[in-house]
Amino acid sequence: MSERTQVVRVQGLTIRYPGRRAPALQDVSLTVAHGERLGIAGRTGAGKSTLALAVAGFIPRIVRAAVAGHVLLDGTDAIVAAPGVLLGRVGIVFSSPSNQLSGSRLTVRAELAFGLENLGIPSSEMDGRIDVVTERLGIGHLAEREPSSLSGGEQQRVAMASIVTMGPGILVLDEPAAELDPNGAAAVAALLDDLAAAGTTILHAEHDPVALGRYDRVVILEAGRIVPAMSSSPAVEPLAWTVGPGRAGASVTIEHVSHRYPNGIEALRDVSLRIGTGEAVAIVGANGSGKTTLVKQLNGLLRPTSGRVLLDDVSTDGTPVDRLAATVGFAFQDPGDQLFERSVEREVSFGPRQLGRVGPQASALVQAALAMTGLTGERELNPYDLDRSRRKLVALAGVLAMDPAVLVLDEPTTGQDRDGVERVGLIVRAMQTAGRTVIAITHDIAFASRWFDRVVVMDEGRLEDHRPPAA
Amino acid sequence: MTGIATDVATGYYVAGSSWLHRRHPLTKLLGVLFVVVAVFLLPPAVSLPLLAALLAGIAIAAGLARSLLRSLRIPSVLVLSIVVVNALFFPGGRDVLLGVGPLSITREGLTFGLVSASRLLVVFVASVLFLFTTLADDLLETLVARGVSHRIAFVVLTAVQLIPRMQHRATGILAAQQARGLSLGGSLGRRIRTLVPLVGPVLLASLVDVRERTLALEARGFGARPGRTAYRVVPDSGLDRALRMALVIAIVAVIVVAITGVVR
């Protein structure tokens, strides 16, 4: 391959973040040809995101770090390029939707126009470009919705569209599918196929090399270096939850529950579901189908507009959230919504403290929760010093330490690498073995069918398998 | 996260289509500037009642009287303490109106306190009317279109959205704490003890937010090159241009009057 057609050349790249001893990348070199699709695989912390940021020209101008080496994009060094030089040539899509939207636009359409405005595209051409990309990603129907009212997966597709509409010749993707349901992932994969066929160069980082679509070639990162093959990980031992006072789980009954948000969106429509004590149930469904709205009814974070929720056949109506918390433990989808203490250990012990558990029993719960999530070694750290996937485990540990009768997990596996998913599965199994009821929202069908007794499907606010049979 | 706080993009905006809503952001911004200049440079006995009446009239005409009254809770403690502290401890106070033990309320102190507090209130009301009727996004577009640097425009946008964002965060963290057994009921002291530990995490989360939004704007090329176009043009009318001209003249006039001391 001639020198001329190599659009991305990374040469001897070493990057060290301030305050970190180990470099995030060490002497990484690779070349990606025009129109090639390169997969970048590796575990959490292997350096994938750092490589993605560097290729997109974010390091060191936006994200401070000490850099040695070069990132040449068609001959321009992204490490030293002035702002604007790379605009329209390289685009980056991140894994979490919350940090990718401007936050000031009132409709998805206007949000997508934001990048085009910065490129100086005439306003008469904008709608055409926006429509093409939103249709391809299956979000055309969301164009007039307010971005902040969308589900995480829907926002992620908007984020993807916001970069693709700008038409970059090099597209960098940092785990863009973490929040997507199977339909969303398929739409993104199809779009990437089209873009690659049209000559876009794609660098795509994922935990798992088979996560999304096709690659021409895969490189594997481990501890900041390119390695020939991914090392096999130490198997996570089966886990057991033995510290609780031995109380049983509780049954959950959802009776004809509907929920309408103040903005008029009807997120739940007459949902009924009974989950027995000690049962593990996964709720799957498309982004925006009402899964999170449903499980928030269980601990009173949201209340049914009509219908009712019963725990062990007692209605939760009128019982405040903090009282329900003694029975229902809820791990949020976004750890940022949940973490607020200055150390992992304090964070995990917040719940037991609030429930009035003190002394050796409380301490045993906290230690057990840390051990289950593999965070014993990080107990002294600030949760914000951990990456997002570990923060999610901190949030999960904080709920486990309350020893809930019913454990509710909202998308517990997003952003986790294979080991992390395995660990979450083992936690589900351990809690169920200890007699607890476990309810999880997930878009990972393989995870749902492997670790759960029953899988129910939500679609547009309805539970599919509870529809009356056709006459 | 369907349905949670759609308030960040809209900020303090109160949906409506009143005369004030339809004015160009720059016109309103100049209006606020005029109020600030007039309130501090003109004799308070004339300017304060006039401006207060003017703003009250605008608020009522725009259908914002109720929202405005509710917002006045925010500066109430500060305003009250300015009056009380000055009434009691004004250094130049001689004319004692009322003695309360070792403390005495002086006429000079009371006057100074009332004037300072009223000035603050008038400026607050003008700013709130601006925020109630102006979309943050319109403000951003206007500033950028007028050649204000992207950096400054981003800072202004962040400032306008800061409090709604922090409220959003605080609500989220509070819900998370309740979900882990935190009880919000009980005595005032208990409530305060509940809220104080929130300050740190909310500030931290806000800083993380700003950092993440910087990445988002960077990825979309905000400010990266000149020649930016606009998808939606913020409407600007002849009336707005005339008003802005009038406001600029008025601001200059107030400054001239203040410097030359024509009105005393």
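How far apart do the C-alpha centres of domain 1 of chain A and domain 2 of chain A lie? They lie 31 Å apart. The legends below describe a predicted model.

**Figure 1. The two domains of chain A.** Chain A is split into domain 1, residues 3–227, and domain 2, residues 252–466. Their C-alpha centres sit 31 Å from each other. The two domains are in contact: domain 1 of chain A gives 21 residues and domain 2 of chain A gives 17 residues.

**Figure 2. Close-up of domain 1 of chain A where it touches domain 2 of chain A.** Two elements of chain A each give two or more residues to this side: helix 4 (152–164) and helix 5 (182–197). By class, this side of domain 1 of chain A has twelve polar residues, five charged residues and four nonpolar residues.

**Figure 3. Chain A as a whole.** Chain A holds twelve helices and 20 strands. Its radius of gyration is 23 Å, close to the 23 Å that the globule rule gives for 471 residues, so chain A is as compact as a globular protein of that length. The C-alpha trace of chain A spans about 70 × 55 × 35 Å along its principal axes. Of the 471 residues in chain A, 55% count as buried. Sequence separation is also part of the picture. Take the contacts in chain A between residues at least 6 apart in sequence: 74% of them join residues at least 24 apart.

**Figure 4. The two domains of chain B.** Domain 1 of chain B is built from two segments, 12–134 and 234–264. Domain 2 of chain B covers 143–228. The centres of these two domains of chain B, taken over C-alpha atoms, are separated by 28 Å.

**Figure 5. Where chain B meets chain A.** On one side are 44 residues of chain B; on the other are 61 residues of chain A. Four helices of chain B each give two or more residues to the side that touches chain A. They are helix 1 (7–10), helix 8 (136–145), helix 9 (150–179) and helix 11 (199–219).

**Figure 6. Close-up of helix 11 of chain B and the surface around it.** Which element of chain B gives the largest share of the side that touches chain A? Helix 11 of chain B does, with twelve residues. By class, the side of chain B that touches chain A has 23 nonpolar residues, twelve polar residues and nine charged residues.

Methods:
Residues numbered from 1 in each chain as written. Chains lettered and ligands numbered in written order. Predicted model: local features only at pLDDT ≥ 70, side-chain atom pairs only at ≥ 80, totals over all residues. Domains from an automatic or database assignment. Contact = placed C-beta atoms within 7 Å. Nonpolar A, V, L, I, M, F, W, Y, C, P; charged D, E, K, R; others polar. Rg over C-alpha atoms; globule rule 2.2 N^0.38 Å. Buried ≥ 20, exposed ≤ 12 C-beta atoms within 10 Å, placed from the backbone.
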